Amino acid sequence: MVAPGMNVRMWDHPATQSNVQILKERGVTFLGPVSGEMACGEYGPGRMVEPLDVRDATLAFFRTQAQESGPLAGRTCLVTAGPTHEPLDPVRYLANRSSGKQGYALAEALADLGAKVRLISGPTALRAPAGVNASFCETARQMNALVVEAAEATSFDVAICTAAVADWRPASVQDQKIKKAGKDDVPAALELVPNPDILAGLSAPSPFRPRLVIGFAAETEKVEAHARAKLARKGCDWIVANNVGAGSDVMGGPENEVVLMTLETVKSWPRLSKEDVARRLAITVADWFSKPHNS
Ligand code: C5P
């Protein structure tokens with residue numbers, strides 16, 4: 001895989017072009033060059049593709065290879081991630097502190113092990129993971145619609161719901177910005193209505209239920225007890241519970257400290273980076289599928 005960068009006339013030169021042809025025939029993949037401004041001040045084809053695009057193309061290459069031979073080869077995974085934004089009017093919305101980091105790290109880790117990954121994400125500041133089929137949405141209802149459509153189109157082996165979906169949304173969305181009436185204005189009461197529970201919907205018995213459904217439980221106290229209750233209430237197979245209480249720096253932060261709860265076992269993991277939590281969970285999923293009675 002090569003990402004050339006050179007002056008436009010050097011790139012266009014017949015000698016370069018014929019050598020490029022030879023390399024392509026030998027199976028070398030070319031990333032770019034693209035057209036744009038060059039270091040020498042000229043403009044045209046010859047500019048190197050952006051370094052992050054080189055990184056993504058490289059990751060996507062190895063992830064495609066892993067789809068042949070990785071421990072999750074042949075498996076399809078659905079991941080929800082990020083917060084949802086629930087609009088009040090054209091400029092305001094209700095949201096939460098989720099960054100999407102844990103869900104994106106999971107999508108990457110599952111793809112690294114060879115799974116075909118479908119990521120459905122609320123608004124985040126993150127770059128879409130390479131080699132992952134990602135869709136983006138804003139509200140819980142939009143996320144639910146994308147999840148239902150994806151689940152009906154693909155019988156997923158695994159669904160992992162990391163998204164911090166808003167439980168409620170404003171009962172009505174104003175077409176125009178809500179204005180203060182005057183200095184003695186009394187703020188209007190905010191009426192809320194419940195959003196669909198995406199995890200509970202995926203967990204319910206249906207021809208489209210993924211084989212393994214995993215929820216996340218962000219708690220601020222009594223983590224294990226609340227997680228156990230959530231496992232039963234949502235009908236999912238595993239819960240990854242974490243303490244997001246004040247001072248934990250988990251929501252939006254780089255690390256996570258989780259308890260993995262299945263119907264039979266409870267395991268506390270040490271504090272790890274979100275990438276390491278993702279890798280460990282992806283390996284645990286692969287191990288689960290490697291047992292004959294689960295495959
Ligand atoms: O009920 P609670 O929000 O604590 O549950 C958290 C789990 O449920 C997470 O896995 C989250 O992604 C999922 N969830 C969902 N749809 C909702 C609320 C939560 O998928 N409306």
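Start with the charged pairs: the salt-bridge count comes to 15. Keep in mind that this is a predicted model.

**Stop 1: R9 and E42**

Select R9 and E42. They form a salt bridge, with the closest N and O atoms 2.5 Å apart. This pair links distant parts of the chain, 33 residues apart. R9 sits in helix α1 (residues 8-12). E42 sits in the loop between β1 (34-37) and β2 (43-47).

Now show the surface. R9 is exposed, because its relative accessible area of 56% is over the 50% cut-off. E42 has a relative accessible area of 28% and is partly exposed.

**Stop 2: R55 and D56**

Move on to R55 and D56. Their side chains meet in a salt bridge, 3.2 Å from N to O. D56 counts as buried because its 14% relative accessibility is under 20%.

**Stop 3: D276 and R279**

Jump to helix α8 (residues 274-290), where D276 and R279 are three residues apart. That spacing separates them by about one helical turn. In general, an α-helix has 3.6 residues a turn, so residues three or four places apart point the same way. The two side chains meet in a salt bridge, 3.0 Å from N to O. D276 is partly exposed, with a relative accessible area of 32%. R279 is partly exposed too, at 43%.

Next, select D53, R55, D56 and R127 together. Salt bridges that share partners join these four residues into one network.

**Stop 4: the rest of α8**

How far apart should its end C-alpha atoms be? At 1.5 Å a residue, its 17 residues should span 24 Å, and the ends are 24 Å apart, which agrees.

Color the buried residues of α8: K274, V277, A278, L281, A282, V285, A286, W288 and F289.

**Stop 5: helix α4**

Select residues 101-112, which make up helix α4. Its twelve residues should span 16 Å at 1.5 Å a residue. The end C-alpha atoms are 16 Å apart, so the helix agrees with that value.

Show the surface again. How many of the twelve residues are buried? Nine are, so α4 is mostly covered. The buried ones are Q102, G103, Y104, A105, L106, A107, A109, L110 and A111. Step just past the end of the helix to G114, which takes a positive phi of about 100°.

**Stop 6: helix α2**

Select residues 14-25 for helix α2. It has twelve residues. From first C-alpha to last it reaches 16 Å, close to the 16 Å expected at 1.5 Å a residue. Just after α2 comes G27, with a positive phi of about 95°.

**Stop 7: a nonpolar patch**

Switch to a surface view and pick M1, F61 and F62. Together they make a nonpolar surface patch of about 310 Å². Click on F62, which lies in helix α3 (residues 51-69). F62 counts as partly exposed, at 49% relative accessibility.

**Stop 8: the ligand**

Center on the ligand. Which residues come nearest? Of the 13 residues around the ligand, the nearest are C161, A163, L199, F216 and K230.

- C161: a backbone N or O atom lies 2.6 Å from an oxygen atom of the ligand.
- F216: a backbone N or O atom lies 2.8 Å from an oxygen atom of the ligand.
- K230: an N or O atom in the side chain is 2.3 Å from an oxygen atom of the ligand.

Now look at how the protein covers the ligand. Taken alone, the ligand exposes 440 Å², and the protein buries 87% of that.

**Last stop: the whole chain**

Zoom out. The chain holds eight helices and 16 strands. Its C-alpha trace spans about 70 × 65 × 40 Å along the principal axes. Color by accessibility to finish: of the 295 residues of the chain, 43% count as buried.

Key: Residues numbered from 1 in each chain as written. Predicted model: local features only at pLDDT ≥ 70, side-chain atom pairs only at ≥ 80, totals over all residues. Heavy atoms only, no water. Patch = residues over 30% accessible without salt bridge, like charges linked within 9 Å, V, L, I, M, F, W, Y side chains within 5 Å. Areas by Shrake-Rupley, 256 points an atom, 1.4 Å probe, with all protein chains shown as cover. Helix = DSSP H or I, 4+ residues; strand = E, 2+ residues; numbered from the N terminus. Buried < 20%, exposed > 50% of the residue type's maximum accessible area, 1.4 Å probe, protein only. Expected span 1.5 Å × (residues − 1). Near = heavy atom within 4 Å. Polar contact = N/O pair within 3.5 Å; in protein donor to acceptor, adjacent residues only side chain to side chain.
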